[in-house]
Amino acid sequence: MRAGGGRPPRAADMKKDVRILLVGEPRVGKTSLIMSLVSEEFPEEVPPRAEEITIPADVTPERVPTHIVDYSEAEQSDEQLHQEISQANVICIVYAVNNKHSIDKVTSRWIPLINERTDKDSRLPLILVGNKSDLVEYSSMETILPIMNQYTEIETCVECSAKNLKNISELFYYAQKAVLHPTGPLYCPEEKEMKPACIKALTRIFKISDQDNDGTLNDAELNFFQRICFNTPLAPQALEDVKNVVRKHISDGVADSGLTLKGFLFLHTLFIQRGRHETTWTVLRRFGYDDDLDLTPEYLFPLLKIPPDCTTELNHHAYLFLQSTFDKHDLDRDCALSPDELKDLFKVFPYIPWGPDVNNTVCTNERGWITYQGFLSQWTLTTYLDVQRCLEYLGYLGYSILTEQESQASAITVTRDKKIDLQKKQTQRNVFRCNVIGVKNCGKSGVLQALLGRNLMRQKKIREDHKSYYAINTVYVYGQEKYLLLHDISESEFLTEAEIICDVVCLVYDVSNPKSFEYCARIFKQHFMDSRIPCLIVAAKSDLHEVKQEYSISPTDFCRKHKMPPPQAFTCNTADAPSKDIFVKLTTMAMYPEDHYRDRLSRDMGHTDRIENLRKIWVFLKTTFHARLRCMCTCNRCTFCICQNFLNSDLLQSVKNKIFTAVLNRLRARVAEWGAMLLADDEGSITHLSTFSVEDSIFMESSQGLLFLEARHVTQADLKSSTFWLRASFGATVFAVLGFAMYKALLKQR
């Protein structure tokens, strides 16, 4: 580890600018110092006060815009002085080394005046500047050192000469440094040790950098740390020199050729004591800390745009990082994290992010410890439900530093709009949400826990206050690994919009409770009957005696009527892990919702393909004989004219009218049957008619235009009759065209 850096401090840009105020007694040389810095020569004539000067960022060592402000007691009032103090980032108190009165005023006037105008917990850093050192042959440091020891807000003391340009640039560099790399948050001069907040931050940095979690930073880890913080690797000899310095001062600073936490903290204490605060600040800011040693919002919550109807998932790189994090803390290599191992993992967090309910949300081993699969599942769940919290957690783990990415946002994949998935009839998503709906005690919790492989015996061991309303696990569909997220929706008369949004719905009823199914039927009719969200009804507790449901029709008939899959029998009262068949079915329905919707439509329509074929034949007749042929004469004997006359003939019109009459009569009969069904329907709610699509229609053309009829319940006999007449008309037309073509050819030969 070096006390310098090849790259500028990354967080220096957090300070938009640095404002330096120069104060002191009259004629100590404040204005001369500013003018000597700007012109690089001593001014012959010095004005009472210099105008504010701005130094661009590209010419300052710290790459930060710097404003230098002069104070003149002759030209400015006390109120103006107080205002300048409140706006300053650092104050230089200038005294003349050959003037004892100006030195005494530092403690008797200026420091008390400045401290009165600032909060005790956020004192402005002060720089003591001894000007006119060219007029004396001695140093004023013996007089100044006691003052520096008395006031901790004093960063340093610089002796300079405006006339000889001695230490002028250094003076303003130290002033910048006092703002960008303050000592106050890091070190306590009285106790000569780092402050607790600094120790806590550096400890977290050490644990993140200790990638094998062996308690030391080996050469590879030290080199990686050096590179990401200072952009320059360390030579092998330099590494040994660093460790030798630590060994010389503390006995347990190096162990097994690696730097321990004590050695790491000692090095930073040494840097601070030697005035190299920028080294420690560079490290702190690279790991996301601000001037108050808190992780910045920009670091924890990077910008991530999520359009509507899109979800968030972890990408491949994020899963690799989480896998290495799990392996790092799974010290006993049992593919599960014990409570102690989990606690060690969360030491880089300011709080414990997971509660006991997590153990009932994801897979655990027989001892209740979160497994590797459960660990990844919990992160997947957090990403899906609260991506901002996921970004925060990844920030605590140091994702962007260890993976050398710009931010944690690079770990997130924002899926495309679900409407696009429906249009393309394929999805790129890996996480699917299923809302589990049913009355209380119908078996919803059993369904959730069964997804995690827990039978009824294991479920009984779960404490009531540790229960979870979520469960997530992987499911294989056609050889693809997908995550199924189950959400237990509390029983309610009406579901909220947030409770409706999902990829698939699982309606659960208790086969042993006669009043259980009625709620599922009512919720389906209210929210999902007309939607494209696929639904599956699950008959829970199927190991118990099944009773008749107190509803107008049975669950099986209800599913048949609404073109749904039949009720799926399910029980978690098994010796082994419960069956996962319903979870595979739910995930498949979520992955291919359009197929499910088309199945409902095809079952609902029955003869959609035949109707579409009829429409296509009729359109073909029109386009073929009306649009594609062009008559170039008025003889009334050419092919076009003959076909035109035939299409307008009484024979063809009578055939069309018979087709129209047959279909319309049958449709009227169907409407009458629907009315009777509506009156006889005792289900307690108005029957909803499913939304029609283009495929549900018959297109017919009359002499006045295109007649559009909704033909939802055309019978097989009607369609056969219609098809016969249309085929007959088509055959007659073709026969007529061929006959007249042959007749015309014979006439030409004659």
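How many helices and how many strands are there in the protein chain? The chain has 28 helices and 23 strands. The model is predicted. Of the 750 residues in the protein chain, 50% are buried.

**The whole chain**

- The accessible surface of the protein chain is about 37900 Å². Carbon and sulfur atoms hold 53% of that surface.

**A six-stranded sheet**

- Six strands form an open sheet with mixed pairing. Their order is β17-β18-β16-β19-β20-β21.
- Which strands sit at the edges? They are β17, residues 470–477, and β21, residues 568–569. Each of these two pairs on one side only.
- β17 and β18 are antiparallel and share eight bridges. Within this pair, A471 lies opposite L486 of β18.
- β17 and β18 also form a hairpin, with two residues between the strands. There, Y478 has a positive phi near 50°.
- β18 spans residues 480–489. Is this strand largely enclosed or largely open? Eight of its 10 residues are buried, so β18 is largely enclosed by the rest of the structure.
- β16 runs parallel to β18, and seven bridges join them. R433 has L485 of β18 as its bridge partner.
- β16, residues 431–437, is also parallel to β19, residues 504–510. Four bridges join these two strands. C434 stands opposite V504 of β19.

**A helix across the sheet**

- Helix α21 covers residues 516–528. This helix lies across three strands: β16, β19 and β20 (535–540).
- What angle does α21 make with β19? The helix runs at about 155° to that strand.

**Nonpolar cores**

- In soluble globular proteins, nonpolar side chains tend to be buried together.
- The largest nonpolar core in this model has 76 residues. Which members touch the most other members? They are I205, L284, F287, W354, F375 and W379.
- Two domains contribute to this core: domain 2 (193–291) and domain 3 (299–415). Each supplies at least three residues.
- L284 shows what such contacts look like. Leaving out residues up to four places away in sequence, L284 touches L186, A201, L202, I205, Y289 and L293.

**Two loop residues with positive phi**

- D309 is not a glycine, yet its phi is positive, near 60°. This residue is in the loop between α11 (297–300) and β12 (312–314).
- Is D309 buried, partly exposed or exposed? Its relative accessible area is 44%, so D309 is partly exposed. Buried would need under 20%, and exposed over 50%.
- E404 is not a glycine either, and its phi is positive at about 55°. Its loop lies between α16 (399–402) and β15 (412–414).
- E404 has 43% relative accessibility, so it too counts as partly exposed.

How values were computed:
Residues are numbered from 1 along each chain as its sequence is written. This is a predicted model: local features need pLDDT of at least 70, side-chain atom pairs count only at pLDDT 80 or more; totals for chains, interfaces and linings use all residues. Side-chain values use heavy atoms; hydrogens and water are left out. Two strands pair if DSSP finds at least two bridges between them. Contact means heavy atoms within 4.5 Å. Axes are lines fitted to C-alpha atoms, for helices over the stretch in contact, and angles run from 0 to 180 degrees between N-to-C directions. A nonpolar core is a set of buried Ala, Val, Leu, Ile, Met, Phe, Trp, Tyr and Cys residues joined through side-chain atoms within 4.5 Å. Buried means under 20% relative accessible area, exposed over 50%, partly exposed in between (1.4 Å probe, protein chains only). Domain bounds come from an automatic or database domain assignment. Accessible areas come from the Shrake-Rupley method with a 1.4 Å probe; for residues, only the protein chains shown count as cover.
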